[in-house]
Amino acid sequence: MFFKQIESGGDRNYAYLIACEETKEGALVDPSPDPLKVIKVVNKEEVEIKYIINTHSHFDHSGGNDYFRRIEMGKPVTFINCGEDTKITDGLVLNLGKLILEFIHTPGHTADSICIKVKNKLITGDTLFVGKIGGTYSEEDARMEFESLKKIMKLPPDTEVWPGHNYGIKPSSSIGFELTSNPFIKRLSNFNEFLWLKKNWIQYKYEHGIK
Ligand SMILES: [Fe+2]
């Protein structure tokens with residue numbers, strides 16, 4: 001498997017290129033907000049893009065789609081997300097050459113948030129960052145995010161976590177690392193404590209020296 005994290009502009013956004021090394025078929029995840037930074041990597045690796053996948057509909061993750069709709073990518077590209085394009089459902093599996101992509105619906109940050117698992121790597125979008133989690137706008141959304149995080153935390157501890165932004169102390173981590181160090185994940189046994197931390201996050205960060 002070829003797997004590359006790409007700094008794609010915006011607010012420390014990350015795009016991802018996943019490809020099957022045998023067939024050279026590839027998928028781009030969140031090639032936004034600056035698609036030109038992403039296309040440079042695609043051209044260098046001589047990968048044929050088959051899918052463009054969005055972890056959620058926020059513009060900094062999906063705004064680059066229009067660029068890829070306009071340019072000639074070789075064979076037709078399929079756009080995959082929980083929004084207006086190919087609707088994906090929880091548990092959907094797709095073949096990418098000899099690789100298998102698995103989709104996990106993780107609503108909360110947005111209703112259409114998904115995580116993508118390939119081998120032992122999990123692309124988490126804005127659901128989970130290194131040491132942090134995605135923002136929510138209501139208690140109801142926070143409850144959904146709480147349940148979604150519980151779902152992905154059941155994956156094996158050595159599953160790698162590849163987030164949608166570089167907000168943490170390192171570019172990627174693992175489920176095991178998040179279980180022992182992420183203050184939100186440590187509160188997944190009690191929704192009120194989880195919600196308290198969301199509401200008091202700025203103060204908590206200041207008191208604990210978190211940037
Ligand atoms: Fe977002």
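Reply: An open sheet of 6 strands runs in the order E7-E8-E9-E10-E13-E14, with mixed pairing. Strands (E, at least two residues) and helices (H or I, at least four) are DSSP runs numbered from the N terminus, and two strands pair if DSSP finds at least two bridges between them. The model is a predicted one: local features need pLDDT of at least 70 and side-chain atom pairs pLDDT 80 or more, while totals for chains, interfaces and linings use all residues. Residues are numbered from 1 along each chain as its sequence is written, and side-chain values use heavy atoms, without hydrogens and water.

The edges of the sheet are strand E7 (93-96) and strand E14 (173-174); each has a single partner strand, so one side of each lacks a neighbour in the sheet. Strands E10 (residues 121-125) and E13 (residues 160-163) are joined in the parallel sense over 4 bridges, and Leu122 stands opposite Val161 in E13. Helix H4 (residues 139-152) lies across E8 (99-105), E9 (114-118) and E10, at about 150 degrees to E8. Contact here means heavy atoms within 4.5 Å; angles run from 0 to 180 degrees between N-to-C directions, with axes fitted to C-alpha atoms, for helices over the stretch in contact.

Elsewhere, strand E3 pairs with strand E4 (residues 48-53) in the parallel sense over 5 bridges. Of the 5 residues of E3 (residues 25-29), 4 are buried, so this strand is largely enclosed by the rest of the structure; buried means under 20% relative accessible area, exposed over 50%, and partly exposed in between (1.4 Å probe, protein chains only).
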